[in-house]
Amino acid sequence: MVYDRTITSILQNDFTSDFSKHKSYQNYSTLFKLYENLKNKQNEQVSKDIVYSSILNNIETGIIILQKGETDWNIFLMNDYFSKHFDVPKVSKWSYLKNNLPTLCEIIENQNFQEIKTSLEIRINQQDTQTFAMQTSRSQIFNNDYFIVLLDSIQNVIDKKEKEAWINLMKVISHELLNSITPIRSLSQNLQDLVQQENISAEDLDDMKTSVATMLRRSDHLQQFVESYRKLAMLPSPQKENIELLKLIENSLQIMAPIFKKEQIVVINNITFDRRLNVDSLQMEQVLINLLTNCIHALADTEKKQIAISAEVKEKRTFIMIRDNGNGVENVIESKIFLPFFTTRKEGAGIGLTLSKNIVEAHGGYLAHRNENKQTTFVICLVDN
């Protein structure tokens with residue numbers, strides 16, 4: 001009977017039949033509409049599953065999703081990258097996975113399948129050991145318990161970031177070189193044409209003098225550019241000494257005082273406590289001077305110019321904040337300000353922030369910036385050691 005067949009199909013999730021042309025369609029129209037609705041929903045879900053599966057299988061991150069069974073975990077999903085990279089067949093049982101990747105499984109079991117964020121070393125097929133960043137999460141959906149494992153090769157992450165950094169750097173370097181080489185070549189061609197003339201007029205002589213002077217200026221600029229690059233590439237190791245935080249700040253402010261006076265900038269030092277830092281005082285002074293110089297340029301179009309310096313200590317870390325009341329860093333260039341030779345100023349060399357970042361990182365800390373209420377705050381973080 002068609003009624004029973006339809007009900008059985010629905011209960012078994014079998015929507016392969018087409019009842020639309022059946023002679024009893026009108027008699028059971030409501031039932032057949034339910035069947036069609038469920039069939040459409042299943043087709044839609046299958047389509048989504050195919051799309052999601054395609055996305056997961058094309059991500060260069062090892063992904064494995066476990067589903068809790070009555071007594072053990074089962075492999076709900078393993079993407080292609082995980083299977084191929086770790087040379088693991090797409091098994092369905094946790095115990096099978098343990099046989100192939102014992103190091104990974106032991107860490108997960110020791111943490112009782114709770115959320116983990118760590119790094120681990122995995123040897124694949126007796127090859128060199130590779131280091132991976134592992135992040136896991138656990139969630140319950142419709143009474144089903146899922147455990148998601150993400151594995152990223154740290155070397156791949158580093159290589160990608162390094163490649164991006166080199167590409168950005170080469171863009172800047174090639175742009176700067178072309179800006180100098182192109183006019184020098186053009187002027188050289190012009191000079192060659194002039195000296196080949198039998199008679200050189202006074203006007204031609206003036207052109208030659210102008211060309212030579214221009215070539216000299218561009219050559220000087222190119223030399224300064226190379227020197228700036230050398231300064232970045234050959235940063236000496238910090239010669240650390242024990243120095244008071246307030247003394248470090250006051251020394252830097254004293255050096256900049258004449259410029260603050262000339263530009264009518266009010267500097268507010270909000271640091272009320274003292275703390276000793278183990279740093280290279282000359283290098284850290286350079287960082288502070290670079291950041292304060294940055295503030296001065298940011299305040300060029302501001303009426304009441306102000307720079308505020310503050311500090312705080314959290315969990316054996318010292319944070320030094322320098323904020324100005326200028327217009328802040330534009331969103332479009334926010335990601336580029338620490339790139340070597342990137343600058344928005346015609347007279348700028350574009351190495352101040354990059355050099356400062358390198359110095360702070362050489363001390364084991366970091367340099368960051370925040371945009372708050374259209375104002376920029378630079379943050380120096382130094383770790384106690």
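Reply: Strands β10 (residues 317-324) and β12 (residues 375-383) run antiparallel and are joined by seven bridges. Within this pairing, Ile 320 has Ile 380 of β12 opposite it. The model is predicted, and what follows describes that model.

In general, the strands of a sheet pair through backbone hydrogen bonds, and the pairing can be parallel or antiparallel. Here the pair β10 and β12 belongs to an open sheet of five strands, in the order β7-β9-β10-β12-β11. The pairing in this sheet is mixed. The edges are held by β7 (266-269) and β11 (366-372). Each of these two has a single partner strand, so one side of each has no neighbour in the sheet. From one strand to the next, the twist averages 20°.

Two helices that pack on the sheet can be described next. Helix α8 (residues 245-263) touches β7, β9 (306-314) and β10. The direction of α8 makes about 175° with that of β7. Helix α10 (residues 352-362) also packs on the sheet, where it touches β11 and β12. The direction of α10 makes about 125° with that of β11.

Technical notes: Residues are numbered from 1 along each chain as its sequence is written. This is a predicted model: local features need pLDDT of at least 70, side-chain atom pairs count only at pLDDT 80 or more; totals for chains, interfaces and linings use all residues. Side-chain values use heavy atoms; hydrogens and water are left out. Two strands pair if DSSP finds at least two bridges between them. Helices (H or I, at least four residues) and strands (E, at least two) are DSSP runs, numbered from the N terminus. Axes are lines fitted to C-alpha atoms, for helices over the stretch in contact, and angles run from 0 to 180 degrees between N-to-C directions. Contact means heavy atoms within 4.5 Å.
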